[in-house]
Amino acid sequence: MKKMLLLFLPLVLVLASCTRTYVEPGPVIDERYWLSQERGVVVYSGFDCDFFVVETRYGYTVIRSWGGFTPLRGAVVYGNFSRFGVQSFYNRSEGMIQQGNVIDYWLTYWDAIDLADFECNPF
């Protein structure tokens, strides 16, 4: 009887501690709106730096990620990449909205990489 209680009691504790939690999905993203914006592909990003470079139709844009992670290289993003300041971008590869500060835009590839490297490592 003691052995049954010793086996039964931990099992009851484990089963009693399991609960079901409902996780609500994030906000609904209107893809029609975002797909009508400018399209870009992330060509440069690093895990140790908040800056990343996006290739657009008009050139390259340097963006500083705000309040989230930096998108991975190859990610397809939509937004307004031709205006300075804090913007919202739709990362279609990850399916999420991100915030970023556009530092400079319409750059050549090497100018954009140089600016991103300088911002990450100023010395």
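Predicted model: local features only at pLDDT ≥ 70, side-chain atom pairs only at ≥ 80, totals over all residues.
**Exercise 1. Find out how many helices and strands the protein chain has, and in what order they run.**

Solution. Begin by counting the elements: the protein chain has three helices and six strands. Next, walk along from the N terminus, and you will read α-α-β-β-β-β-β-β-α.

**Exercise 2. Locate the disulfide and decide whether each of its cysteines is buried, partly exposed or exposed.**

Solution. Step one: searching the whole structure turns up one disulfide. Step two: its partners are Cys 49 and Cys 120, with an S to S distance of 1.6 Å. Cys 49 sits in the loop between strand S1 (38-45) and strand S2 (51-56), while Cys 120 belongs to helix H3 (residues 109-120), so the pair links distant parts of the chain, 71 residues apart. Step three: the angle about the S-S bond is -80 degrees, and the link is left-handed. Step four: buried means under 20% relative accessible area. Cys 49 has 9%, so Cys 49 is buried. Cys 120 has 22%, so Cys 120 is partly exposed.

**Exercise 3. Describe the surroundings of Asn 91: is this residue buried or exposed, and which residues does it contact?**

Solution. Then check its relative accessible area, which is 0%, so Asn 91 is buried. Finally, leave aside neighbours within four places in sequence; Asn 91 then has contacts with Pro 71, Ala 75, Val 76, Val 77, Met 96 and Gln 98.

Methods:
Residues numbered from 1 in each chain as written. Heavy atoms only, no water. Helix = DSSP H or I, 4+ residues; strand = E, 2+ residues; numbered from the N terminus. Buried < 20%, exposed > 50% of the residue type's maximum accessible area, 1.4 Å probe, protein only. Contact = heavy atoms within 4.5 Å. Disulfide = S-S within 2.5 Å.
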